[in-house]
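Hi,

Here is the structure I promised to send over. Have a look at it first, and then read on for my notes.

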Amino acid sequence: MTPTPLVEVRAVRKAFGSFEALRGVDLDIGRGEKVALVGASGSGKSTLCRCINRLETITSGSITIDGQPLPEEGKALADLRAQVGMVFQAFNLFPHFTALENISLAPIHVRKVAKPDADAEARELLARVGLSDKADNYPAELSGGEQQRVAIARALAMHPQLMLFDEPTSALDPEMISEVLDVMSELANEGMTMLVVTHEMGFARHACDRVCFMDAGQIVEQNSPAEFFDTPKTDRAKDFLSKLLHH
Amino acid sequence: MDQIWQMLGENSSFLLNGVLTTVGLTILGFGGALVIGTIVAVFRVSPITPLRVVGTAYVEFFRNVPLLTLLILIVFGLPDIGLLFPLFWCGVLGLVLAGSAFICETVRSGINTISVGQSEAARALGMSFGTQLRLIILPQAFRTMVQPLVNNFIGILIGSSLASAVGVSDITNVTQQLNIRYAEAVVLFLLSGAVYLVFALGAGGVGSWLERLVSRSRIGSAR
Ligand SMILES: Nc1ncnc2c1ncn2[C@@H]1O[C@H](COP(=O)(O)OP(=O)(O)O)[C@@H](O)[C@H]1O
Ligand SMILES: [Mg+2]
């Protein structure tokens, strides 16, 4: 008996007006699995991530997490979102709260953890992302790499079952990319289930179990990293990879 | 010249009461309008359609009816339906209703300056709409609203002079009464004008001070 996947995406379509950003996507993510989502800009990678924690509502199809279909807006949805951590390209830290407060805010106000406990856990998480000394700094006082690491810690503080990363390193200066990827690799080693939209092919190859290639709103190829990078099957994947190599 | 000083001396407590009434109308009117205006702004950005409709109707009505009309309706209309308020509070009510429609729009545009990324991050953490507003959106929005709120404050201050027309003894009303008695229009209206000017400049000063405080803090600009 195979265990049910943590995430099941079935025949999902998403239209913005007359434009279809997702045109029938199927995707399973097993517990503890790390999936890299790659593809050209505009292929629908962000939209898929956003549909999985219902920042966007899907037009048709179904998405279940841990066997539960995504609920309508309201308390149940808020509970479910709290199980799915999301890390954004633009960090989206709350600028009027310190690094520590950014992390402990949702545990205190959503999970109703007592403040001393939430602060203690926030300090542990800061240590885990290597930022113990930045607890009292505001986001504007942190580098991009540091902000993104705080954002990862903020998402982890809700004890999510699944982490979604939408191009977490695309807004970073090159010298800061590895500090964020290191934190993500560590998280992957600890067994977190992850869906990572990325252009960092090294990370996709070494830290992920599977690569899904999206094109024009569909997953057109998925395979183990080694197979995908070394022997891509579809012409579109070949084309995509050759363009990456020439950069 | 002596007559003028004599007039001011004899009526000093009358004038002082007028000044205090203007100050009271303005501060209570602004405070009430800030609270109601923020609530209506929350209605207008809420995901619940009936609340948005109510919010929009409120703003369109109270922003587009002259304050004087509103004051007359309150003073002469409310007693007809059995609501009898002291004149001063009728003035405050009119200022709150009209002021809140303008402050609502200030708050709403303040909310709109906060990037959607902020509310998406809050939603992704499982925060409800109310929690998002209270913890994430409004505290950042108010930081961008200092100068527009000063403008709203001055609008309410100057609008408060219309309360004189329905019999509230504010500084405009008091100077009008003295003018009828002493026929010193220029002096008296320079005096009341000076009261508004000083008060408005004071509000502007407080606003600039708040704005410096905000920009000097370690919190970066809202992104
Ligand atoms: N809110 C939106 N309204 C209209 N079109 C959108 C919206 N979000 C995304 N799209 C469109 O959907 C397509 C896929 O976008 P996206 O998922 O962001 O792609 P990717 O993340 O792969 O670059 C793009 O063509 C984009 O313009
Ligand atoms: Mg994207």
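Predicted model: local features only at pLDDT ≥ 70, side-chain atom pairs only at ≥ 80, totals over all residues.

**The A/B interface**

On the contact count, 29 residues of chain A meet 22 residues of chain B. The two chains bury about 2200 Å² between them, and 61% of that is on carbon and sulfur atoms. On the chain A side, A:Phe94, A:Pro95 and A:His96 lose the most area to chain B, together accounting for 26% of what that side buries.

For polar links across the interface, I get 5 residue pairs in polar contact, with both partners at pLDDT 80 or more. The chain A elements that give two or more residues to the side touching chain B are α2 (75-83), β6 (84-87), α3 (99-109) and α5 (144-156). By residue type, that side of chain A divides into 17 nonpolar, 6 polar and 6 charged.

The salt bridge count between chain A and chain B is 1. Which residues form it? B:Glu120 pairs with A:Arg50, and their closest N and O atoms are 2.7 Å apart. B:Glu120 sits in helix α6 (residues 116-124) of chain B. Is B:Glu120 buried or exposed? With a relative accessible area of 13%, B:Glu120 is buried. If you leave aside the neighbours within four places in sequence, B:Glu120 is in contact with A:Arg50, A:Leu55 and A:Phe88.

**Salt bridges elsewhere**

Over all chains, the count comes to 18 salt bridges. A few that I'd look at:

- A:Arg31 and A:Asp66 form a salt bridge, with the closest N and O atoms 2.9 Å apart. A:Arg31 lies in the loop between β2 (19-29) and β3 (34-39) of chain A, and A:Asp66 in the loop between β4 (60-65) and β5 (68-69), so the pair ties together parts that are 35 residues apart in sequence. A:Arg31 is partly exposed, at 46% relative accessible area, and A:Asp66 is partly exposed too, at 33%.
- A:Lys243 and A:Asp239 form a salt bridge, with the closest N and O atoms 3.0 Å apart. These two are separated by about one helical turn because they are 4 residues apart in helix α9 (residues 235-245) of chain A. A:Asp239 is partly exposed, with a relative accessible area of 38%.
- B:Glu60 and B:Arg63 meet through their side chains in a salt bridge (3.4 Å, N to O). Both lie in helix α3 (residues 49-64) of chain B, 3 residues apart, about one turn of the helix. B:Glu60 is partly exposed at 35% relative accessible area, and B:Arg63 is partly exposed at 30%.
- A:Glu8, A:Arg10 and A:Asp28 are linked in a network of salt bridges.

**Cysteines**

A:Cys212 counts as buried, at 0% relative accessibility. Over in chain B, B:Cys90 also counts as buried, at 3% relative accessibility.

**Backbone spots**

Most residues other than glycine have a negative phi. With that in mind, have a look at two residues in chain A. Phi of A:Arg54 is near 60 degrees, a positive value in a residue other than glycine. A:Arg54 lies in the loop between α1 (45-52) and β4 of chain A, and is buried, with a relative accessible area of 10%. A:Lys112 has a positive phi of about 60 degrees although it is not a glycine. This lysine, A:Lys112, is found in the loop between α3 and α4 (115-128) of chain A, and A:Lys112 is exposed, with a relative accessible area of 64%.

One glycine is also on my list. B:Gly205 has its place in helix α10 (residues 185-216) of chain B and is partly exposed, with a relative accessible area of 41%. B:Gly205 and B:Val150 are 55 residues apart in sequence and 9.4 Å apart in space, C-alpha to C-alpha.

Cheers

Terms used: Residues numbered from 1 in each chain as written. Chains lettered and ligands numbered in written order. Heavy atoms only, no water. Contact = heavy atoms within 4.5 Å. Buried area = accessible area lost by both parts, 1.4 Å probe. Salt bridge = Lys/Arg side-chain N within 4 Å of Asp/Glu carboxyl O. Polar contact = N/O pair within 3.5 Å; in protein donor to acceptor, adjacent residues only side chain to side chain. Nonpolar A, V, L, I, M, F, W, Y, C, P; charged D, E, K, R; others polar. Buried < 20%, exposed > 50% of the residue type's maximum accessible area, 1.4 Å probe, protein only.
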